2 protein chains.
Amino acid sequence: MKELKQITVIGMGLLGGSITLGVLRNFSGTKAIGYSHRAKTRQKGRVLSVASEITDDIRDSVYKSDLVILATPIYTFEQILIDISDALSKGCIVTDVGSTKLFPHQWARKQLPKHIHYIGSHPIAGSEQRGVEYARDDLFDLATCIVTTTPTTNRRAADIVKRFWIKLGCAVKELTPADHDRIYSDISHVPHVLAAALINANNSKTLEFAGKGFIDTTRIASGPANIWTDVFAANSKNTIKGINKVIAELTKFKTAIKAGDRKKVEQLLKKARDKRTAMIKQKIRKRELLS
Amino acid sequence: MKELKQITVIGMGLLGGSITLGVLRNFSGTKAIGYSHRAKTRQKGRVLSVASEITDDIRDSVYKSDLVILATPIYTFEQILIDISDALSKGCIVTDVGSTKLFPHQWARKQLPKHIHYIGSHPIAGSEQRGVEYARDDLFDLATCIVTTTPTTNRRAADIVKRFWIKLGCAVKELTPADHDRIYSDISHVPHVLAAALINANNSKTLEFAGKGFIDTTRIASGPANIWTDVFAANSKNTIKGINKVIAELTKFKTAIKAGDRKKVEQLLKKARDKRTAMIKQKIRKRELLS
């Protein structure tokens, strides 16, 4: 992309390192700068050549960059925006990879000057592993990336960010930050709470008997606790609303089972089964279940 | 096994057909009789040679059998026991493959004469497929099979049933029917309700964005609605208790998120993560995650 001569990634974890590696693989002539405040991460990143350069000077790292990507925990974003704000070149685009989007948009609106374009990004990629040593240049292949914009978003900047993720291998969808946070609460944040609640409702004696079904149902509960704590805090209203919706559905089952109303129980089960079948069919049709 | 010259399986679905096929593979000289009330199933079963004989006469099917296995939906068990009761040979062992065990024990106590030994079985095997055409002689390889007994159970009969499942490839664990129903409510029936409730709490527009995490979390909700309706009805007290436990855990999360108590949220998430990690480690150590 001729618009992107240099990109900077703030935070060299699994995601950050995979972005710089992906840029080095997919963009010819684009420089990929990495920033990390950890000496060990910088050293590992250099040994593994995950970026063109890795620096410990955050303001220096964004100097002359066309695109700056925040890949640190979400609650560090606002301070980072404050720190880099006047070191950014005019017309620079800033994005991030946070799992919630309303707060990042709010922070950017507050902390960035008018001549800097902020676009939200949420690439749905990662793994249970953490750290730059797990970075891969193909982490984003076939992943979905949500790009969030508002009516005041600079369209040229939005298109550059969308093409950036497409070039890294993503299928891009655009949403408003509000829609993003509501949808991802329902299909990601609330299921995470559910998986954790299900494990916590069991004792270790019972878990000895758990089979593949239980293991699958609770797999997402093995994500890093601190990152998910941030996600719930940054999307608390939607998460609470989502938990209430699930409790309401659980209560429907409870009431029907208690009343011995088999017809109602079967109807609730059938509804869930049919919805899931339709979802899977649609994903197969859209080729989203290939990876 | 020299004790088992002839076994009968009532119901030739995926499980029933896989049992007779497994007997034909693993037991030399044992006759495997199948019963089905459906002409189509009998025909398919004969074409696929899943049993030594397949008959439509239920009383005839159990004649001279040493072991009779009920592999029909759980709510047909009591009527079947009534129908076959006085056609069973003296000393015959009766078992079943139902997903709940308190009711089958109760029905057997009520309907079978003293000289017939009832033992409960719950082989944790199967797939999303249904029907005799999916029967496989290796369906039980590496599966867990719970065998349920009470203080009045005939020990010799229990040992024969345990060895029967081991010979089909299962790892056998023995429980009381009450412990079985409580444990399987927590690790199988309640997770099923949860998966269905999670899908029902979402609309199809939102489900378009569902990724691998959501798909895994809800996979078990694709089981057959009528069979699960029976399971919840046959284990209603435990299921209701289990749903309440999960709602209590969800409420802990909700309260902590609402209060902005990040320390508490992180602690709840960490507890779930640590419990799941311990569970997986134990299963790897016990070689239960090989299949």
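**Exercise 1. How many residues of domain 1 of chain A are in contact with how many residues of domain 2 of chain A?**

Step 1: Count the pairs. The contact involves 14 residues of domain 1 of chain A and 10 residues of domain 2 of chain A, where contact means that C-beta atoms, placed from the backbone, lie within 7 Å.

Step 2: Find the elements. On the domain 1 side, α5 (102–111) and β8 (144–148) of chain A supply at least two residues each; helices (H or I, at least four residues) and strands (E, at least two) are DSSP runs, numbered from the N terminus.

Step 3: Sort by class. That side of domain 1 has seven nonpolar, four polar and three charged residues. Here Ala, Val, Leu, Ile, Met, Phe, Trp, Tyr, Cys and Pro are nonpolar, Asp, Glu, Lys and Arg are charged, and the others, Gly among them, are polar.

Step 4: Domain 1 spans 6–175 and domain 2 spans 180–258 of chain A, with bounds from an automatic or database domain assignment. Their centres, taken over C-alpha atoms, are 29 Å apart.

A note on the ground rules: the model is predicted, so local features need pLDDT of at least 70 and side-chain atom pairs count only at pLDDT 80 or more, while totals for chains, interfaces and linings use all residues. Residues are numbered from 1 along each chain as its sequence is written, and chains are lettered from A and ligands numbered from 1 in the order in which they are written.

**Exercise 2. Describe the sheet that holds β7, β8 and β9 of chain A.**

Step 1: Read the order. The sheet is open, has three strands in the order β7-β8-β9 and shows mixed pairing; strands pair if DSSP finds at least two bridges between them.

Step 2: Locate the edges. β7 (120–124) and β9 (171–175) of chain A each have a single partner strand, so one side of each lacks a neighbour in the sheet.

Step 3: Check one pairing. β7(A) and β8(A) run antiparallel and are joined by five bridges. Pro123(A) has Cys145(A) in β8(A) as its bridge partner.

**Exercise 3. Which side of chain B touches chain A, and which helix gives the largest share?**

Step 1: Count. 68 residues of chain B contact 68 residues of chain A.

Step 2: α12(B) gives the largest share of chain B's side, 15 residues.

Step 3: Classify. Chain B's side comprises 35 nonpolar, 18 polar and 15 charged residues.

**Exercise 4. At what angle do the axes of α12(A) and α7(B) cross?**

Step 1: Get the geometry. The axes of α12 (residues 262–285) of chain A and α7(B) cross at roughly 65° and come within 9 Å.

Step 2: Name the arrangement. The two helices are therefore roughly perpendicular (under 35 degrees is roughly parallel, over 145 roughly antiparallel, 65 to 115 roughly perpendicular, the rest oblique).

Step 3: List the partners. Residues of α12(A) including Leu268(A) and Arg276(A) meet Ala196(B), Ile199(B) and Asn200(B) of α7(B).

Step 4: Sort them. This contact has five nonpolar, one polar and three charged residues.

Conventions: Two residues are in contact if their C-beta atoms, placed from the backbone, lie within 7 Å. Axes are lines fitted to C-alpha atoms, for helices over the stretch in contact, and angles run from 0 to 180 degrees between N-to-C directions.
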